[in-house]
Amino acid sequence: MGSESECGKSEVVLGVDGGTTSTVCVCMPLLPFSHHLPDPLPILGRAAAGCSNYNSVGEDAAKDTLEKVMEEALSQSGVKRSAVRAVCLGVSGVNHLKDEERVLNWIRDFFPAHVKIYVHNDAVAALASGTMGKLHGCVLIAGTGSISFGFTEDGREARAAGAGPVLGDWGSGYGIASRGLTAVVRAHDGRGPQTMLTDHILDSLGLSSPDELIGWTYADPSWARIAALVPVVVSCAEAGDQVAIEILNNAVEELGSSVKAVVQRLSLAGEDGKGSFPVVMVGGVLEANRSWDIGREVINAILKTYSGACPIRPKVEPAIGAALVAWNSLMKELPANGHR
């Protein structure tokens with residue numbers, strides 16, 4: 001954690017990254033307006049908990065998780081709720097205005113009336129983690145789920161994918177792993193080619209037959225539980241298994257097309273398609289592997305269409321990105337700092 005001595009901690013901002021797998025909140029001091037952020041950033045407190053996507057765990061559990069991480073982060077920081085000036089919540093499952101209002105209504109009574117509260121999809125926090133709080137460019141998240149989300153400098157936004165496993169986030173960890181499970185079942189039935197995935201997935205789950213996959217899958221069909229099998233698919237692809245390679249190639253195509261859709265809708269690359277714009281890459285699926293680097297392949301696919309794309313691997317976590325969005329948004333609303 002960074003130093004807190006120079007900035008003090010009389011007033012703070014909170015950033016929340018609420019995902020399907022985990023939820024993180026960080027507390028930062030209210031930084032003086034400057035074109036240069038301190039390095040390292042001063043983090044006063046950090047707290048983590050489980051899922052806060054209400055589509056996955058229900059509204060009560062999601063609300064409780066959000067309140068828990070914010071309370072713990074404030075407690076670690078040694079400040080009260082009255083010291084908070086602004087909060088940015090980037091929450092998975094927030095897909096339109098009604099979702100934003102729902103989360104805002106949960107949180108509004110948690111803080112005094114003067115606190116500014118900004119609610120976005122968790123993709124906004126991820127984008128800001130690469131752009132250090134500036135909402136411009138495109139972010140690709142590929143973890144348990146997947147989504148592409150973009151902003152223009154004048155505030156227009158667009159998204160692609162992010163509709164969950166039933167509606168086809170095929171480039172996500174869930175999508176990759178579920179296709180791996182399907183390939184095993186198809187091979188067992190004789191409807192598909194034989195694959196190394198059969199032995200490797202069964203071994204990783206402690207099962208003896210593909211028939212047992214049915215019971216294992218439906219006993220607890222949570223997204224994260226399925227997505228945890230992605231490393232098995234990647235290892236089989238690295239060993240040359242053609243079925244696994246096809247699954248990963250399909251994931252690359254899906255992820256790349258979601259970014260291209262956002263870039264095209266927002267004209268992020270300019271009229272000639274050659275303009276420069278950031279592409280922030282976030283999520284476990286995009287992390288480097290030995291010989292099968294999904295993130296690298298996705299970047300290559302994007303660059304074939306948009307040569308001005310500038311890939312960014314964030315140096316800070318999305319919760320810090322959310323805190324910087326809260327800070328930037330607050331600064332824009334304060335006429336005294338001349339930053340309108």
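Author: Here is a term to start with: buried means under 20% relative accessible area, exposed means over 50%, and partly exposed is in between. Also, this is a predicted model.

Reader: Which residue does R191 form a salt bridge with?

Author: Its partner is D189. The closest N and O atoms are 3.0 Å apart. D189 is partly exposed, because its relative accessible area is 47%.

Reader: How many salt bridges does the structure hold?

Author: Nine. Another one joins the side chains of R296 and E297, at 3.6 Å from N to O. R296 counts as partly exposed because its relative accessibility is 37%. E297 is partly exposed too, with a relative accessible area of 29%.

Reader: Tell me about R102 and D99. How far apart are the closest N and O atoms?

Author: They are 3.0 Å apart, in a salt bridge. Both residues lie in helix α3, which covers residues 97-108. They sit three residues apart, about one turn of the helix.

Reader: And D99, buried or exposed?

Author: Buried, because its relative accessibility is 3% and the cut-off is under 20%. R102 has 25% relative accessibility, so R102 counts as partly exposed.

Reader: Why would such side chains pair at all?

Author: Side chains of opposite charge can pair when their charged atoms come close.

Reader: New topic. How many residues are in the largest nonpolar core?

Author: It has 51 residues. Those with the most contacts inside it are I176, L197, I294 and V298. Helix α10, residues 242-266, gives the largest share of this core, with 12 residues.

Reader: What does V298 touch?

Author: Leave out residues up to four places away in sequence, and V298 touches L140, V252, L255, G256, M281 and L286.

Reader: What other core lies apart from the largest one?

Author: One of 30 residues. Among them are M70, V84, V87 and V119.

Reader: Back to α10. Where is L266?

Author: L266 is in helix α10. L266 is buried, with a relative accessible area of 4%.

Reader: What does L266 touch, not counting residues up to four places away in sequence?

Author: L266 touches G150, F151, T152, R156, E157 and A158. Take T152: L266 and T152 are 114 residues apart in sequence. In space they are 6.8 Å apart, C-alpha to C-alpha.

Reader: What about S267? Where is its place?

Author: S267 is in the loop between α10 and β9, the strand of residues 277-282. S267 has a positive phi of about 55°, although it is not a glycine. Its relative accessible area is 48%, so S267 is partly exposed.

Reader: Where does A161 lie?

Author: In strand β8, residues 157-161. At 37% relative accessibility, A161 counts as partly exposed.

Reader: And peptide bonds. Is the one from D39 to P40 cis or trans?

Author: Cis, with omega near 5°. Most peptide bonds are trans. P40 is found in the loop between β2 (23-29) and β3 (45-49).

Reader: Last topic, helix packing. At what angle do α4 and α12 pack?

Author: About 85°, with their axes 7 Å apart. α4 is residues 122-131 and α12 is residues 318-333. Angles of 65 to 115 degrees count as roughly perpendicular, so α4 and α12 are roughly perpendicular to each other.

Reader: Which residues make the contact?

Author: From α4, they are A125, A126, A128 and S129. From α12, they are P318, G321, A322 and V325.

Reader: How many of those are nonpolar, polar or charged?

Author: In the contact of α4 with α12, six are nonpolar, two are polar and none is charged.

Conventions:
Residues numbered from 1 in each chain as written. Predicted model: local features only at pLDDT ≥ 70, side-chain atom pairs only at ≥ 80, totals over all residues. Heavy atoms only, no water. Axes fitted to C-alpha atoms, helices over the stretch in contact; angles between N-to-C directions. Helix = DSSP H or I, 4+ residues; strand = E, 2+ residues; numbered from the N terminus. Parallel < 35°, antiparallel > 145°, perpendicular 65-115°, else oblique. Contact = heavy atoms within 4.5 Å. Nonpolar A, V, L, I, M, F, W, Y, C, P; charged D, E, K, R; others polar. Core = buried A, V, L, I, M, F, W, Y, C linked by side-chain atoms within 4.5 Å. Buried < 20%, exposed > 50% of the residue type's maximum accessible area, 1.4 Å probe, protein only. Salt bridge = Lys/Arg side-chain N within 4 Å of Asp/Glu carboxyl O.
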